Amino acid sequence: MSTSFTKGPSDPTVQPVPASVIEQVDAADTTLSNPKRAVIALGANLGNRLETLQGAIDALEDTPGVRVKGVSPVYETEPWGVDPASQPAYFNAVVVVKTTLPPSSLLERAHAVEEAFHRVRDEHWGPRTLDVDIVAYADVVSDDPQLTLPHPRAHERAFVLAPWHDVDPHADLPGHGPVADLLDAVTRDGVAPRADLELRLPE
């Protein structure tokens, strides 16, 4: 008598599992056991800027599949691309996260966090309650128009590079090299550390 538990081809409960499903499951398992490192830039220049940045950090931490591993010091930055007198200065910070979310899902979450703080996208370079930008995701380089990785202008922005370097001095920006070298190549004019302010890692 056979002890095999393999069901024969005549068994009506046996359905072949599509290869695409197996690939998705395998990919999910790999992702879960191997979280990716992502770098997210935060900026706010309306309302209680420090409180908004902390709220964004806490919201990211509350996201399933995301853990905040590092939070930079706060920088105060003149508005980018406009007359500095035309709108309030920004508070900027960078957070380093470990995530099992793919880039597209992390972007959706970033937009949801912005919207929770009533971000309005009606004016290019306009003031905003909150900006949440994915700067880099592992070593991914992508020109997807929905999410270009790494961020196409991060390498020339001191308000991203300076706080990122503070939280991770040995970081590399994929395709551009060490953050420390990139920071040396840009001006820090209008980008000032605020040692009197502090953002905390979520508990």
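**View 1. Contacts and fold of the predicted model.** Of the contacts in the protein (heavy atoms within 4.5 Å) with a separation of 6 or more, 70% are accounted for by residues 24 or more positions apart. This is a predicted model, in which local features need pLDDT of at least 70 and side-chain atom pairs count only at pLDDT 80 or more, while totals for chains, interfaces and linings use all residues. Residues are numbered from 1 along each chain as its sequence is written, and side-chain values use heavy atoms, with hydrogens and water left out. The protein has five helices and eight strands, these being DSSP runs (H or I, at least four residues, for helices; E, at least two, for strands) numbered from the N terminus.

**View 2. The salt bridge between Asp168 and Arg37.** The closest N and O atoms of this pair are 2.7 Å apart, where a salt bridge requires a side-chain nitrogen of Lys or Arg within 4 Å of a carboxyl oxygen of Asp or Glu. The pair links distant parts of the chain, 131 residues apart, with Asp168 in the loop between helix H4 (158-167) and strand S6 (172-173) and Arg37 in strand S1 (residues 36-44). Asp168 is buried at 14% relative accessible area, whereas Arg37 is partly exposed at 38%; buried means under 20%, exposed over 50%, and partly exposed in between (1.4 Å probe, protein chains only).

**View 3. The salt bridge between Arg194 and Glu76.** The N to O distance here is 2.7 Å, and the partners, 118 residues apart, are Arg194 in the segment after strand S8 (191-193) and Glu76 in strand S3 (residues 75-77). Both residues belong to a network of salt bridges that also includes Arg49 and Asp196.
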